[in-house]
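User: Hello! Could you take a close look at one part of this model for me, a pair of packed helices and what lies around it?

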Amino acid sequence: MSEQRKLKCLSCKEMYSTNEAGTCKECYEEASETEEELKREIDDLKSKIAFLRFCSPHHTRSSFSDVVLLASDESLTNPVPVSAHKAVLASRSPVFKAMLEIEMEESRSGTINISDVSYDALRTFVNYLYTGDACLDEQMACDLLVLAEKYEVKHLKTYCEKFLVSKLNWDNAVMSFSFAHQHNAKHLQESALSMITDNMENLIKTEEYAHLVEKDARLVVDIYEAYLSKRVNTAAKRD
C-alpha cells in the first residue's frame with residue numbers, strides 16, 4: 001500500500017492527508033460553519049427586503065393620506081401622537097390595511113388608538129414599520145412582539161423572538177415560556193421549554209414555578225409531559 005502524501009493547508013499551514021478535501025479537517029469544518037452563517041445572514045436580508053418592499057403600487061394612491069397613532073396606556077394622561085403614513089401601515093400590516101381601506105372610525109378620523117402600549121414602544125413599532133430595524137432590550141422585545149402579533153407583522157414577531165431566544169437563561173425561562181404560550185411565539189416557547197426540562201431539579205424551587213401553578217396549571221402539565229417525553233426518548237436511545 002502506497003504511503004499517503006501530505007500537503008500543507010493553505011489556511012492554517014498545517015499538514016493534511018491528500019485524501020482530505022483540499023484542506024485540513026479543522027479548516028474545512030470552520031469554513032462550513034462560516035458558510036452556514038453567511039447563508040443565514042443572506043436569508044435574513046432577503047426577508048428584510050421583502051418586508052420593506054411595498055406589496056403593490058396601489059398603496060401609494062392618494063386615498064392613503066397621513067395618520068396618527070396614539071398610545072392609550074392608562075398611565076398616559078396626555079398621549080403624544082406618533083405620525084405615520086397610511087401607505088406604509090397598510091403595506092406592512094393586514095390589520096392596518098383593513099382598518100384604512102374599510103370605512104372604519106380609524107379611516108375617517110385619521111387617528112388610530114393603540115391600547116395597552118407605552119409611547120416608547122409605539123414609537124419604536126412605527127419606526128420598525130419604516131426601517132425594519134429596532135434597538136431592543138428584553139422589555140421592548142416583549143412589547144413589540146405583542147404589537148406584532150396583534151397587527152400581524154410577522155417579520156417583526158420573528159425578529160423579536162430571535163432576540164428573546166438569544167437572551168434566554170434559567171432565571172427567565174419560566175416567564176418566557178408562559179409569555180410565548182400566551183402570544184403564540186412557537187420558537188421562543190420551544191426554546192424555553194427545552195431549557196426548563198434540562199433543569200427540572202431546580203424548577204419547583206423557583207417563585208416563577210409557584211406563580212405558574214397558580215396562574216396556569218395547564219402549562220405546568222405541558223412542562224411535565226415534555227420532560228417525561230424527553231426521558232423516554234433518552235432511555236430508548238440507550239437501549
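How do the axes of helix α6 and helix α7 cross, and which residues make the contact?

Analyst: Happy to. Please keep in mind that this is a predicted model. As a setting for the pair, the protein has twelve helices and five strands, and 34% of its 239 residues count as buried. Among contacts with a separation of 6 or more, 55% join residues 24 or more positions apart.

Now to the pair itself. Two packed helices are described by the angle between their axes and by the distance between those axes. Helix α6 covers residues 138-150 and helix α7 covers residues 154-166; their axes come within 8 Å and cross at roughly 150°. Since angles over 145 degrees count as roughly antiparallel, α6 is therefore roughly antiparallel to α7. The crossing of the two is left-handed.

On the α6 side, the contact is made by E138, A141, C142, L144, L145, A148 and E149. From α7, the partners are L156, K157, C160, E161, F163 and L164. Sorted by class, this contact has nine nonpolar residues and four charged ones, with no polar residue. An α-helix has 3.6 residues a turn, so residues three or four places apart point the same way.

Some of these residues also meet F125. Setting aside neighbours within four places in sequence, F125 is in contact with L144, L147 and A148, with Y151 and V153, and with L156, as well as with F96. F96 and F125 are the residues with the most contacts inside the largest nonpolar core, which has 52 residues.

Helix α7 also holds H155. With a relative accessible area of 15%, H155 is buried, because the cut-off for buried is under 20%. Leaving out residues up to four places away in sequence, H155 touches S47, K48, F51 and Y128.

Just after α8, N184 takes a positive phi of about 55°.

Definitions and conventions:
Residues numbered from 1 in each chain as written. Predicted model: local features only at pLDDT ≥ 70, side-chain atom pairs only at ≥ 80, totals over all residues. Heavy atoms only, no water. Axes fitted to C-alpha atoms, helices over the stretch in contact; angles between N-to-C directions. Helix = DSSP H or I, 4+ residues; strand = E, 2+ residues; numbered from the N terminus. Parallel < 35°, antiparallel > 145°, perpendicular 65-115°, else oblique. Left-handed = near helix turned anticlockwise from the far one by under 90°. Contact = heavy atoms within 4.5 Å. Nonpolar A, V, L, I, M, F, W, Y, C, P; charged D, E, K, R; others polar. Core = buried A, V, L, I, M, F, W, Y, C linked by side-chain atoms within 4.5 Å. Buried < 20%, exposed > 50% of the residue type's maximum accessible area, 1.4 Å probe, protein only.
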